[in-house]
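Please read the numbered points with the sequence and the structure at hand.

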Amino acid sequence: MTDDLDPKRQLELAVEGATVRASGRPKDACPYPLESRERVAWMEGFDGEPVDQGPDLPIDQS
């Protein structure tokens, strides 16, 4: 979904989201409209991972 954004803008939004998280503000501080590409990119920065990426699986210890 964020593929339609300019890569530079996508990075700016991700950095903005990460900065907000680092400052201790909540996720609902996102200023972008629901379901917008900007919000997705911001949330990816806040969460530290792409929205469409599943969680990491545990490493097999066998």
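Among contacts in the protein chain between residues at least 6 apart in sequence, what percentage join residues at least 24 apart? The figure is 51%.

1. Overall composition. The model is a predicted one. Its protein chain has 2 helices and 0 strands. Of the 62 residues in the chain, 27% count as buried. The accessible surface of the chain comes to about 4700 Å², and carbon and sulfur atoms account for 53% of that surface.

2. Geometry of the helix pair. Two packed helices are described by the angle between their axes and the distance between the axes. Here, helix H1 covers residues 7–22, and helix H2 covers residues 37–47. The axes of H1 and H2 come within 6 Å and cross at roughly 45 degrees. Because of that angle, H1 is oblique to H2. The crossing of the two helices is right-handed.

3. Residues of the helix contact. On the side of H1, the contact is made by Gln10, Leu13, Ala14, Glu16, Gly17, Ala18, Val20 and Arg21. On the side of H2, the residues are Glu38, Ala41, Trp42, Glu44, Gly45, Phe46 and Asp47.

4. Burial of H2. Why may H2 be described as largely enclosed by the rest of the structure? The reason is that 8 of its 11 residues are buried, the cut-off for burial being under 20% relative accessible area. The buried residues of H2 are Arg39, Val40, Ala41, Trp42, Met43, Glu44, Gly45 and Phe46. H1 is included in what covers these buried residues.

5. Glu35 lies in the loop between H1 and H2. Although Glu35 is not a glycine, this residue has a positive phi of about 65 degrees. Is Glu35 buried or exposed? The relative accessible area of Glu35 is 73%, and since the exposed class begins over 50%, Glu35 counts as exposed.

6. The segment after H2. Just after H2, Gly48 takes a positive phi of about 80 degrees. Glu49 is also found in the segment that follows H2. With a relative accessibility of 38%, Glu49 counts as partly exposed. Which distance separates the C-alpha atoms of Glu49 and Ala14? The separation is 9.6 Å, with the two residues 35 apart along the chain. Ala14 is also one of the H1 residues that make the contact with H2.

Notes: Residues numbered from 1 in each chain as written. Predicted model: local features only at pLDDT ≥ 70, side-chain atom pairs only at ≥ 80, totals over all residues. Heavy atoms only, no water. Helix = DSSP H or I, 4+ residues; strand = E, 2+ residues; numbered from the N terminus. Buried < 20%, exposed > 50% of the residue type's maximum accessible area, 1.4 Å probe, protein only. Axes fitted to C-alpha atoms, helices over the stretch in contact; angles between N-to-C directions. Parallel < 35°, antiparallel > 145°, perpendicular 65-115°, else oblique. Left-handed = near helix turned anticlockwise from the far one by under 90°. Contact = heavy atoms within 4.5 Å. Areas by Shrake-Rupley, 256 points an atom, 1.4 Å probe, with all protein chains shown as cover.
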